[in-house]
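Hello,

Here is the structure I said I would pass on.

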Amino acid sequence: MLLNKQISIIYFLKLIKWDILAIFLYACLAGTMDYFSFFKDLSIPFSISAMIGTLLSLLLAFRTAQSYERWWEARTVWGAIVNDSRTLIRQLIQFLPEDDSKAGIVKEFSVRQSVWCYALTEALRKCPSEKVEQYLKGENKDSDNRPNLLLTLHAERLSQISRDYQLNANKQVQLDSTLQRLTDAMGKCERIKNTVFPRAYSVLIHFLIYVLTTIFPFGLDDQHWGIEICLATIVPVLFIAIERTAILMQDPFENKPTDTPMNALSATIERNLSEMASLPKPEHPGQPDTFYLM
Amino acid sequence: MLLNKQISIIYFLKLIKWDILAIFLYACLAGTMDYFSFFKDLSIPFSISAMIGTLLSLLLAFRTAQSYERWWEARTVWGAIVNDSRTLIRQLIQFLPEDDSKAGIVKEFSVRQSVWCYALTEALRKCPSEKVEQYLKGENKDSDNRPNLLLTLHAERLSQISRDYQLNANKQVQLDSTLQRLTDAMGKCERIKNTVFPRAYSVLIHFLIYVLTTIFPFGLDDQHWGIEICLATIVPVLFIAIERTAILMQDPFENKPTDTPMNALSATIERNLSEMASLPKPEHPGQPDTFYLM
Amino acid sequence: MLLNKQISIIYFLKLIKWDILAIFLYACLAGTMDYFSFFKDLSIPFSISAMIGTLLSLLLAFRTAQSYERWWEARTVWGAIVNDSRTLIRQLIQFLPEDDSKAGIVKEFSVRQSVWCYALTEALRKCPSEKVEQYLKGENKDSDNRPNLLLTLHAERLSQISRDYQLNANKQVQLDSTLQRLTDAMGKCERIKNTVFPRAYSVLIHFLIYVLTTIFPFGLDDQHWGIEICLATIVPVLFIAIERTAILMQDPFENKPTDTPMNALSATIERNLSEMASLPKPEHPGQPDTFYLM
Amino acid sequence: MLLNKQISIIYFLKLIKWDILAIFLYACLAGTMDYFSFFKDLSIPFSISAMIGTLLSLLLAFRTAQSYERWWEARTVWGAIVNDSRTLIRQLIQFLPEDDSKAGIVKEFSVRQSVWCYALTEALRKCPSEKVEQYLKGENKDSDNRPNLLLTLHAERLSQISRDYQLNANKQVQLDSTLQRLTDAMGKCERIKNTVFPRAYSVLIHFLIYVLTTIFPFGLDDQHWGIEICLATIVPVLFIAIERTAILMQDPFENKPTDTPMNALSATIERNLSEMASLPKPEHPGQPDTFYLM
Amino acid sequence: MLLNKQISIIYFLKLIKWDILAIFLYACLAGTMDYFSFFKDLSIPFSISAMIGTLLSLLLAFRTAQSYERWWEARTVWGAIVNDSRTLIRQLIQFLPEDDSKAGIVKEFSVRQSVWCYALTEALRKCPSEKVEQYLKGENKDSDNRPNLLLTLHAERLSQISRDYQLNANKQVQLDSTLQRLTDAMGKCERIKNTVFPRAYSVLIHFLIYVLTTIFPFGLDDQHWGIEICLATIVPVLFIAIERTAILMQDPFENKPTDTPMNALSATIERNLSEMASLPKPEHPGQPDTFYLM
C-alpha cells in the first residue's frame, strides 16, 4: 500500500515536471531582473493577483468537484455492473426450473457475463484482453462493439431458453430488464469515456493560470530574492497541480492511477459468479490494474 | 484533433472579439485620461472592485456549474437514447418468435429507430436531414413533430405485430416501456432546447460585469500607462470570457462547437443497430457534426 | 423577442424601484453628512464591509442556486407532463384492440388529458380557465381539486374500458403506471407551489443586506461626494437585485415573467395529442402566458 | 400570515437571545478595556479575522445548503406520500370489480391511509394523535412502530381481497408497489429524523465561530468605543444566526416553525381521499401544525 | 447523550494531537526566532497566506461537502435496506396463500434477512458477528462473500416455494425485484467501502495545509511573541481539523464515531421483522455500535 502511495505521488510529479520547471525558470528570471532593478518601477499591485486568484480558486474548486463527480459516476456505474451481474445469475437460479441442464445454463451465463466485464474493460481502455479474444474465437463471432455483441448473445440465448422451457413471460421480461440495465451501464461508460470536457471551459482555466503566473511575481515585495522566487514558483505550481488533479479524475477509463479499477472489479465479479454457479474458482483474475489495487 | 482544437479557440475568440475591442478602447480612454491628469483626483478604491469581483466570481462560478449541468444532462439524455435504441432492438430479438418474418421486423424497427435519431437531431438543430425526408416520403406521412410521429409509427406497428403473433402482454408492455423512455428522452431534449436561462439572472450577471469594467481602471495605481491599460483590458475580458463559456454550454443543441454530437451519436446508433439486425453497414453516417467529432 | 426582453427588464426594475429609491436617499444622506463633516470622525473600516460582503455573496450565490434548482425542477416536472401525456395516448393506441370505438376512446382521453393540463395550470396560477369550466360542466362534476378529479375520471373510464374489452391486466397496470406518474407530477407542482422558502433563511439574508447597506458608506473615502453616493447606491442595489432574482425564480407558478410557461406547454400537448388522436388542430391554444412565450 | 411571520422571527430571536447577550457582554468588555488602554498594545490584525471569516463563511454556506437539502428532502418525501396516497385509492377504484362491496373497501383503505399519515406524523413528532389512538383501539392492535403496523394491515387486507375477488396477480403486484413506495417514504422520514448531523462537523463550525468572536474585537480600530462594540456584537451574531438557521432546517420533524407541515398535509390527504371514496368531508383536520400553515 | 458527546470530541482531539503538537512546536520556533531577530528581515506578506487560505478554504469546503455526501449516501443505502427488509416480509405476507406453512416461511425469511443485515455489517466492518457465524453453521454453508451467499439462499428458497405453491410468476418477479434492490444496496456499500478517495486530490490538500502552516508565521506582525504563537498554532490547526473531519466522514464503515450505525439499524430491522412475523422480540440486539447510538 505504501509502495502504491509512493508510485502515485511520483507519477503525479512526473506529470507536471515540465510545468514546474518552466514556472521556476520564469520566477528566477522575473525575480532576478526585479532584484537587479530592471523592472524596479514595474509593479502590479498584489490585490489584482488576489482577485484573479479568487476567481481562479472558485473555478478550480467547481471544476475539481465536477471531475470528482465524473470519477464517482464512473465508479458508481461499475458498482451497478457488479450488482446487476450478480442479479442476473441469481435470477436464473430463481427462475429456471430444476432439471439437468439448469446448472449448465447458469454456468454458461456466468462465464459470458464475466467475459462481458472484461470486454467492456478492454473496449474502454483500448488494450486487448486475452480472455475475451479466446471466448469470442470459441463462439466464432466478432464485432467492433464487443460488449454489445455479448449482450446480444445473452438475449438470443435467453430467447432460446424461454422457448425450450416455456418460461413464463414475466420472468423473461424481468431477465430482459437486467439486460437493459447492463446496456445502460455500458452506454454510460461509453458516454463518460467519449465526452471531452468542454474545451472552452478548460482552455479558459488554463489561460487564467498563465495570466496569474505572469503577473504574480510583480506583486511581491522586492526584498528577498530567494523568497520571491520560492513563492513565485510554489503558488502557481499549486494552481497547476489542482488543475492536473481535476484532469486526472475527469477521465476515469484511461489506465491511470486514479482509474476505475475495472480489472479488479471484473475479477471480483468473476469470483462471485463462479461461486454462485458452482464453477471452480478462477485461478488468476486476468491482468491486474497496473496502479490501483483495492 | 489539433486542428479541431485550433478551430474551437478561434471560434471562441471570434465570439467575443467586439467585447474585447470595446473594453480595450474604454481601458485606453480611462488610462490615458488618468495619465494626463483629467481624473487625477478621481479614484475608486480597489477594494470595491475586489468586492464586486468576489460577488461576480461566485455568481459566475455557480452559473458555469449550472450551464455545465445542462450540457451534461443533454449528453446524458443522448446517452440514454443510445442505450434504449440498442435495448429496443435487443428486446425484439429476444421476444419475437423465430419465424421467417422476424428478421424483417427487426430490420424495419432498426431503420425506423435510426431515422428517429436523425429526426430528433433535425428537430433540435432546425436543419433538415435528407434521410428523414426520404423515409417519411416513403411512409407517405408527415407531422410538425416528426420524432413523435415516428414513435407513434413504432407503437402502431407493435400493436399490429402483437396481434399477428399473439405476443404475450408482458412483452408488449416491456416494449412499450422502452418507447416510453424514448418519449421521455425526446421530451427532455425539447425541454433543454426550449427553456431560456432565466432572463433576470443572466441580465444581472451581464450588468455586474459592466459595472466592474467601469470602475476597475479607477482603482489601479496611476504609474504605468501601459500596464494599467493591459490590466484594465485583461481582467474584464476574463470575466466576459467565463460568462460566454457558460452561455455556450447552456444551449447544447445549437450547432456550435460545444454541441452534443448528435450526428455522430446517431451514426453510432445506426451502425450498432445495423449490425444487430444483420443489415449492411451504413456507408457514410449522414452529415457529420461540423465541429465536434468524438 | 426583443420586445419581450424589454418587458422583462422593465418589469424587474419596477419590482425593486422602492428599494433603489430608499437606498439612494440613504446614500445621499450619509454621503452629504460625511462630506459636511458631521460624522467626519465616524468611519467603519471597509474591510468589515468586505467581510460581510463575502459572507453575503456566498449565501446569495447558494440561495440563487437553490432558487434556480426549484425553477428548473418545476420546468422538469412540466416536461415530464408533456412526455407522459404523449405516452398515455400512445399506450392507448398500442394496447386497445382495433375496432370501431377505439378512435373514439383515444379522442376522449386526448381531450380529457389536454383539459387536465389546463386544469393544473389553473389550479397552480389560481386564475380560472374557460376550457376547464366548460369541460367539467359537460361532465356535470366538480371538485376543489380539479386535476385530481380528472385523473380519477381517467381511472374510472380505464376501469370500464378494461371490463368492456377484457383488456389484459398487464396493459391495465401499464396504463395505471402512467396515471401514477401524472399523479406524481401533479403532487410535485403542488409541493413547489405550496412550500414557502424557509423564513428564517430568507429573513436573515434580507437583514444582512440591510446591515451592509448601513455600514457601507462609512467605509468609503470621503473625497468625492458624487462618487461616494453612486457607489453607496449601486453596490447595495446589486445585492438586492440578486436577492430579488432568487425570489423571482423560487416561485415558478405565479404568473410572472420567469414562470414556467404552462399555457404554452399545455397548448403544445393539446396540439400533439390532437394529431395523435386524429382530432382537428386546436384553433387557438387557450390564453397565452402573459410574459413568457417560448 | 403577517402574524405568522412575526411569530417566526420572534421565535428565532428567542432561540439565540443568550448567545446575543454573551457576545454583547464580551464585546463591551473587550471594547472598554481596549478604550481604557489595558490591551492598547494588543492587537490582532484584522486580516486574520478576515481569513477565518472567509473559511467560516464557506463552511456555513455549505452547511446551510446541506441543511436546506435535508429540509427539502423531507418536504419531497411528504409530497411523495401525498401522491402515493392518492394513487393507492385510485388504483383500488381502477382495479376492483364493480360490485356492492367495492365502495366499502375503498372507504376502508381511505380511512386507514389517512390514519397512517397521522400515525407517521405522531411517530416523527413524538406527540400522540387521538385519531390514531381511536383507530388502533377499534382494530384492537398496537405496535411500537405504528405506521409499519398499519402498512402490514393494508397488506393483509389486500391479500384477503385478492383471494376473495380472484384479483389478477398483476394488479396485486401494482398495489404492492404502491405499498412499497409508502414503506420507502416512511423509512426515509425515519432516516432524516434519526440521523444526527455529523458531530465533529458541527462542533468544529461552532468552535470556529467562537474563535472568530474572540479575536474579532482586537482587529478593530480603537477610535470609537460605541461603534467597536456594535460591530463586535453584530458580526459574530450574524454568523451565529446563520448557524442556527442551518440547525433549524436540518431537523424538519421537530415541531418547530420550519417544520414540514405534516398535519396540514395529512389533512389535505384526508380531504382528497374522502372525496375520492365519496366519504363525508372531514370536519376539522386533526390538530393543526402550531406554527406553519400553508 | 452528553457522555457520548464528550467521547466524540475527545476521540477527535486524540486523532489530531500529534499534528497540534508539531504545529505548536513549529509556531514556537518560528515565533521565538522572529522575536529574537534571527529572521527579522524575513517576512512573507500576509496577503499570500490569505490567497492560499482562500484557495484552501474553497477546496476544503468542497471536500467536506463531498465527504458529507458519501456519509449521507451510506446512511441512505442503509435506510433503503431497512425499507426493503420490511417490504420483503410484507410481500411474503401479502403474496403467500393462507395455509399452515405460511407462518413458518415468513419466520424463516425474517430470520435470514436479519442475519443478512448483520452479515453485511460484519463484512463492511471486518469484525466477526456471532449471530452470522451460528446461522451459517446451522445452514452448513459458507463463502468469502457471506451477504451474497445469504441472498442466493433467499433466491433458492423462493424458487422452491414458487414451485411448491405454484406461485404466480408476477409475484415471483416482484419478490425478485426486492432481492435485486437488496443486491444493489449491498453493492453500493461495497463501493463506498472499497473506493479510496482520489489520492492526488487528498495529498494535494494535505500539502497545501503544510505550505500554509510554513509561511503563515512570517506574515504576522512581530510585536507579541505570545499572540503570534497562539495564532500560528490555532489557524493551521483549524484547517487540519476540517480536513480530518472530512476524512472521518468519507469512510462511513470503519467503526468510528461518525460511522453509519449499522448494528443499531440491524437491530431495528430485526425487531420490526420479528413483530411482523410474530416471532418473539429479540432479547439483545447484537453488539451495539461502540460510539454512535441513535
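The notes below cover how the chains are arranged and then one interface.

Please keep in mind that this is a predicted model.

Arrangement of the chains

Chain C can be superposed on chain D by a rotation of 72 degrees, with 0.0 Å of shift along the axis and an RMSD of 0.0 Å. The two copies are thus related as by a five-fold rotation axis. They meet through different surfaces, as 5% of the contact residues of chain C recur in chain D. Which residue of chain C comes closest to the rotation axis? That is C:Asn170, whose C-alpha lies at 5.2 Å from the axis.

The interface of chain E and chain D

Chain E brings 58 residues to this contact, and chain D brings 55 residues. About 5200 Å² is buried between the two chains, and carbon and sulfur atoms give 66% of that area.

Three salt bridges are found across the interface of chain E and chain D. One salt bridge joins the side chains of D:Asp144 and E:Arg271, at 4.0 Å from N to O.

On the side of chain E that touches chain D, the elements giving two or more residues are helix 1 (2-15), helix 3 (46-95), helix 7 (169-194), helix 9 (225-250) and helix 10 (262-276). Helix 3 of chain E gives the most, with 23 residues. By type, the residues on this side of chain E are 29 nonpolar, 16 polar and 13 charged.

Regards

Technical notes
Residues numbered from 1 in each chain as written. Chains lettered and ligands numbered in written order. Predicted model: local features only at pLDDT ≥ 70, side-chain atom pairs only at ≥ 80, totals over all residues. Heavy atoms only, no water. Least-squares fit on C-alpha atoms with pLDDT ≥ 70 in both. Contact = heavy atoms within 4.5 Å. Buried area = accessible area lost by both parts, 1.4 Å probe. Helix = DSSP H or I, 4+ residues; strand = E, 2+ residues; numbered from the N terminus. Nonpolar A, V, L, I, M, F, W, Y, C, P; charged D, E, K, R; others polar.
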